Amino acid sequence: MNMEKDKNVGKILKILLIEDEPAECAAISRYVESTEGVQLIGATNSIGKAYSDVCDFMPDAVILDMELHKGEGDGINFLEKLAYSSVIRPFILVTTDNTSKTVFEKARSLGADFIISKSQENYSAEYVIDFLISMKSTIFFRKNRQGLPEDVLTVDDPEETTRRILKRIDTELDQIGINPKVLGRKYLIDAIIMTMVKPEPNFCGVIAQKYNKSSQSINHAMSTAIVKAWSKTPMNELRRYYTAIFDARKGYPTFSEFVHYYARKIKSDL
């Protein structure tokens with residue numbers, strides 16, 4: 001048996017539920033609470049909220065009701081949003097009353113991993129959660145492989161590696177005087193991680209989609225955070241911690257130069 005899959009068996013499987021039927025939500029929630037090794041990190045009937053939760057909390061698996069008659073959006077819309085984003089992709093388990101082969105094919109083409117019919121005889125909240133538990137090793141194995149590139153994913157637990165990276169970024173930003181209360185700081189952190197994992201030329205657009213902001217506002221917030229640091233932090237401190245070359249006439253690096261500098265610096269030190 002694959003030893004890399006074995007080490008994931010004891011980990012907690014974090015699940016996001018996208019469902020509009022209160023009874024179904026309650027049944028799944030009750031069963032998760034009584035079952036070891038799984039955790040329900042959220043439940044929503046809104047596709048917009050669900051996408052934000054995936055970006056913010058990075059669940060390991062999503063239970064996706066295809067038709068949200070009492071909610072906002074639908075399963076296909078959610079899958080499309082994930083397909084065109086750079087977010088770490090969870091395992092997608094679709095549950096549906098729909099029997100259309102066309103809908104099934106569309107869902108699979110957009111990345112649905114498995115589809116369970118709510119009409120099948122043995123369907124229940126227990127069946128859905130037990131299925132995810134049976135896939136646990138595979139879910140973690142796949143998530144670990146896409147979470148960070150191979151040269152960053154070492155023998156360490158990938159979640160621990162991510163925590164170390166976040167702590168390192170926080171330290172670097174503290175050293176040059178980017179205050180945690182400055183709005184642009186969280187966008188810079190997202191951009192640095194994104195550039196380390198999978199460089200995206202339009203990272204402002206991706207971050208804007210995550211926070212439901214305009215690209216211009218993300219651009220402005222990151223630039224403002226950098227300008228404030230360069231105007232308030234002593235130059236000897238800046239030169240000590242930020243050693244990349246930038247246009248001296250401007251007086252500070254662009255947000256793109258800044259992000260790529262720290263992505264390279266931190267990645268090379270791992």
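In strand β4, V94 is the bridge partner of L64. This pair belongs to a predicted model whose protein chain comes to 13 helices and five strands. The five strands form an open, parallel sheet in the order β2-β1-β3-β4-β5. Of the 270 residues of the protein chain, 45% count as buried.

**Sheet layout**

- The edges of the sheet are formed by β2 (38-44) and β5 (114-117), each of which pairs on one side only.
- Direction ignored, neighbouring strands of the sheet are turned against each other by 20 degrees on average.
- Strand β1 pairs with β2 in the parallel sense over six bridges, and with β3, again in the parallel sense, over four bridges.
- Strands β3 (residues 61-65) and β4 (residues 91-96) run parallel and are joined by five bridges.
- A right-handed β-α-β unit is made by β1, helix α2 (residues 22-33) and β2.

**Residue pairs across the strands**

- L16 stands opposite G42 in β2, and its bridge partner in β3 is V62.

- The buried residues of α6 are A125, V128, I129, F131 and L132.
- Viewed down the axis of α6, these buried residues fall within an arc of 155 degrees, so they line one face of the helix.

**Strand β3 and residue D65**

- Five of the five residues of β3 are buried, so the strand is largely enclosed by the rest of the structure.
- Both faces of β3 are covered: A61, I63 and D65 are buried on one side, and V62 and L64 on the other.
- D65 lies in strand β3 and has a relative accessible area of 3%; because buried means under 20%, D65 counts as buried.
- Leaving aside residues up to four places away in sequence, D65 touches I18, E19, D20, G75, T95, T96 and K118.

**Helix α9**

- Helix α9 (residues 183-197) has 15 residues and reaches 23 Å from its first C-alpha to its last.
- This span of α9 is close to the 21 Å expected at 1.5 Å a residue.
- Of the 15 residues of α9, 11 are buried, so the helix is largely enclosed by the rest of the structure.
- The buried residues in α9 are G184, R185, Y187, L188, I189, D190, A191, I192, M194, T195 and M196.

- M58 is a residue other than glycine with a positive phi, near 45 degrees.
- M58 is placed in the loop between α3 and β3.
- With a relative accessible area of 33%, M58 is partly exposed.
- N212, likewise not a glycine, has a positive phi of about 55 degrees.
- N212 is placed in the loop between α10 (203-211) and α11 (215-232).
- At 71% relative accessibility, N212 counts as exposed, because the cut-off for that class is over 50%.

**Contacts along the chain**

- Among contacts between residues at least 6 apart in sequence, 68% join residues at least 24 apart.

Conventions
Residues are numbered from 1 along each chain as its sequence is written. This is a predicted model: local features need pLDDT of at least 70, side-chain atom pairs count only at pLDDT 80 or more; totals for chains, interfaces and linings use all residues. Side-chain values use heavy atoms; hydrogens and water are left out. Two strands pair if DSSP finds at least two bridges between them. Helices (H or I, at least four residues) and strands (E, at least two) are DSSP runs, numbered from the N terminus. Axes are lines fitted to C-alpha atoms, for helices over the stretch in contact, and angles run from 0 to 180 degrees between N-to-C directions. Buried means under 20% relative accessible area, exposed over 50%, partly exposed in between (1.4 Å probe, protein chains only). The arc is that of the directions from the helix axis to the C-beta atoms. Contact means heavy atoms within 4.5 Å. The expected span of a helix is 1.5 Å times one less than its number of residues. A crossover is right-handed if, with the strands pointing away from the viewer, the path from the first strand over the helix to the second runs clockwise.
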